[in-house]
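Here is a short tour of one protein model, written to be read with the structure open beside you.

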Amino acid sequence: MRSLPSIIHLDMDAFFAAVEQASKPSLRGKPVIVGGLGGRGVVSTASYEARRFGVHSAMPMAQARRLCPNAAFLSGRFEAYRQVSELVMGLLRELSPLVQPLSLDEAFVDLEAGPYGPALAAADHGTGERLVLALAEDLRADIQRRTGLTASVGAAGSKLMAKIASEQAKPDGLVLIEPGQERVVLGPMPVRALPGIGPATEQVLRRAGLNTVADLALAGEAELVQLLGRAHGTGVHQMSIGLDDRPVVADQDAKSVSVEDTFEVDLADRERVLREVDVLAARCVRRLRAAGRSGRTVVLKVRRFDFSTLTRSETLRGPTDDEAVITETARRLASQVDITGGVRLLGVGVAQLADYTQEDLFAQAVREEAESGEQEPVAAEAEGEPTAPSTPHWMPGQDVHHGEFGPGWVQGSGVGRVTVRFETPWSGPGRVRTFAVDDPALEPARPLPLRGSEGGPDEGGPDEGDGTGG
């Protein structure tokens, strides 16, 4: 454990939604919800304006629409998110070579390993803390200047406490937890505040009367080992008393992404098992997208009533992060498993990871339009006749460019029409125009940068003014 709070955790505020608001002037200050727009879609990120209505990440999109019907509902633009993420991670690496990204929008940084390490080592306690605070404030200011986005930062003597500090700092804040104050800060928190404690572990602890982190600390290591097993129980006890010596590991590259749940009562009904697989697949996809990755191999893990564990996997033709594809594959694997006697644990994972591919978004849009009945029917190919060109499919939020009106984004499409708002990150709110979905002048476009090279609005950017091109 460190005597100085030289580990910081940075977490961008409502990242996906904030990027959309920065990209689209007409959405600034308004509720924005990003996620899957199909029948089984879930919320990936909600802006703070939408959160006031009770919308939060992992919520079914249908529920979000009921709570906040006037929000802008957008599918993700992961190329844009990755561009901003790379800029932010570059700023972090100016502070230290030890930067451990956790996803596109959060990372740990070890300040002692960077250019300010010698100054921190030579400083007394008060001076060292002031230097950490100054570095964190400068970082937040640099991010705001370069991207227009806000970030929350926590500083502490360990990764555990830095992450908790950044949660306390949200939104758009900075919190420093002094080394030595770990138990004071952790004590009143619910047990779920500790990493590694999920719903199943929480239920085990609650049945034992352990509801807060202070309860865990008082229970002692022996009782927690008895409840949770040696490895998990020992780790939970260490964290409950504020001990965490995990180092910041630079550029940690996960080989797979997975989630799992243990059930209080063994599942013996196949339909219930398949419903749980649906839930796990959706959670897995959220983690996959948060990391900006896609994967080729879907893995199902099953622990049966007798504690025997088996895995089944299927490798797809190419990497994907599409929820429908991953869910369907996981369900197919689950259907092949003998559940006689009951299932006590299920897990869904994705392996053979690759960088996110934009094509996945278009595949998802086609499926979602088909679900909603908005996809135009395709006539069967007559024998000996060439296939007609496919009709373009447009996703809400997608970047586009029109030959006459310039850059814009899709507000919606259906019944053969697409509505586009023409504006850029540097313009005011732009005008809305409607076109046929197959208008030859309208084409998909790459995301525009949020800021110019000097960090301010790009005065030389395309379509100054209202972005309508007239």
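Helix α1 is mostly covered: 9 of its 9 residues are buried, where buried means under 20% relative accessible area, exposed over 50%, and partly exposed in between, with a 1.4 Å probe and protein chains only. Please keep in mind that this is a predicted model, in which local features need pLDDT of at least 70, side-chain atom pairs count only at pLDDT 80 or more, and totals for chains, interfaces and linings use all residues. Residues are numbered from 1 along each chain as its sequence is written, and side-chain values use heavy atoms, with hydrogens and water left out. Helices (H or I, at least four residues) and strands (E, at least two) are DSSP runs, numbered from the N terminus.

- The buried residues of α1 are Phe15, Phe16, Ala17, Ala18, Val19, Glu20, Gln21, Ala22 and Ser23.
- Helix α1 (residues 15-23) lies across β2, β3 and β4 and runs at about 120° to β2; axes here are lines fitted to C-alpha atoms, for helices over the stretch in contact, and angles run from 0 to 180 degrees between N-to-C directions.
- An open sheet of 3 strands has the order β3-β2-β4, with mixed pairing; two strands pair if DSSP finds at least two bridges between them.
- Because β3 (43-46) and β4 (72-74) each have a single partner strand, they stand at the edges, and one side of each is left without a neighbour in the sheet.
- On average, neighbouring strands of this sheet are turned by 25° against each other, direction ignored.
- Strand β2 (residues 32-35) runs antiparallel to β3 and is joined to β3 by 3 bridges; Gly35 has Val43 in β3 as its bridge partner.

**The five-stranded sheet**

- Another open sheet has 5 strands in the order β5-β6-β1-β7-β8, and its pairing is mixed.
- Its edge strands are β5 (99-103) and β8 (174-176), each pairing on one side only.
- Neighbouring strands of this sheet are turned by 15° against each other on average, direction ignored.
- Strand β7 (residues 151-156) and β8 run parallel, joined by 3 bridges, and Val153 stands opposite Leu174 in β8.
- Helix α7 (residues 159-169) packs on the sheet, touching β1 (7-12), β5, β6, β7 and β8, and its direction makes about 145° with that of β7; contact means heavy atoms within 4.5 Å.

**A close look at Asp110**

- Asp110 sits in strand β6 (residues 106-110) and counts as buried because its relative accessibility is 7%.
- Its side chain makes a polar contact with the side chain of Arg2 (2.8 Å); a polar contact is a pair of N or O atoms within 3.5 Å, where within protein one must be able to donate a hydrogen and the other to accept it, and residues adjacent in sequence count only if both atoms are side-chain atoms.
- A polar atom of the Asp110 side chain also lies 3.0 Å from the backbone nitrogen of Glu112.
- Leaving aside residues up to four places away in sequence, Asp110 touches Arg2, Ser6, Ser96, Leu98 and Val248.

**A pair of packed helices**

- The axes of helix α13 (residues 270-290) and helix α14 (residues 323-335) come within 9 Å and cross at roughly 145°.
- Residues of α13 in the contact include Leu274, Val277 and Ala281, while those of α14 include Ile326, Ala330 and Ala334.
- By class, this contact of α13 with α14 has 9 nonpolar, 2 polar and 5 charged residues; Ala, Val, Leu, Ile, Met, Phe, Trp, Tyr, Cys and Pro count as nonpolar, Asp, Glu, Lys and Arg as charged, and the others, Gly among them, as polar.

- Strand β13 (residues 399-402) and strand β14 (residues 406-414) pair in the antiparallel sense over 4 bridges, forming a hairpin with 3 residues between them.
- Gly403 lies in the loop between β13 and β14 and is exposed, with a relative accessible area of 65%.
- The C-alpha atoms of Gly403 and Pro440 are separated by 8.7 Å, although the two residues are 37 residues apart along the chain.
- β14 also pairs with strand β15 (residues 417-422) in the antiparallel sense, over 5 bridges.
- In the hairpin of β14 and β15, 2 residues lie between the strands, and Val415 in the turn has a positive phi of about 45°.
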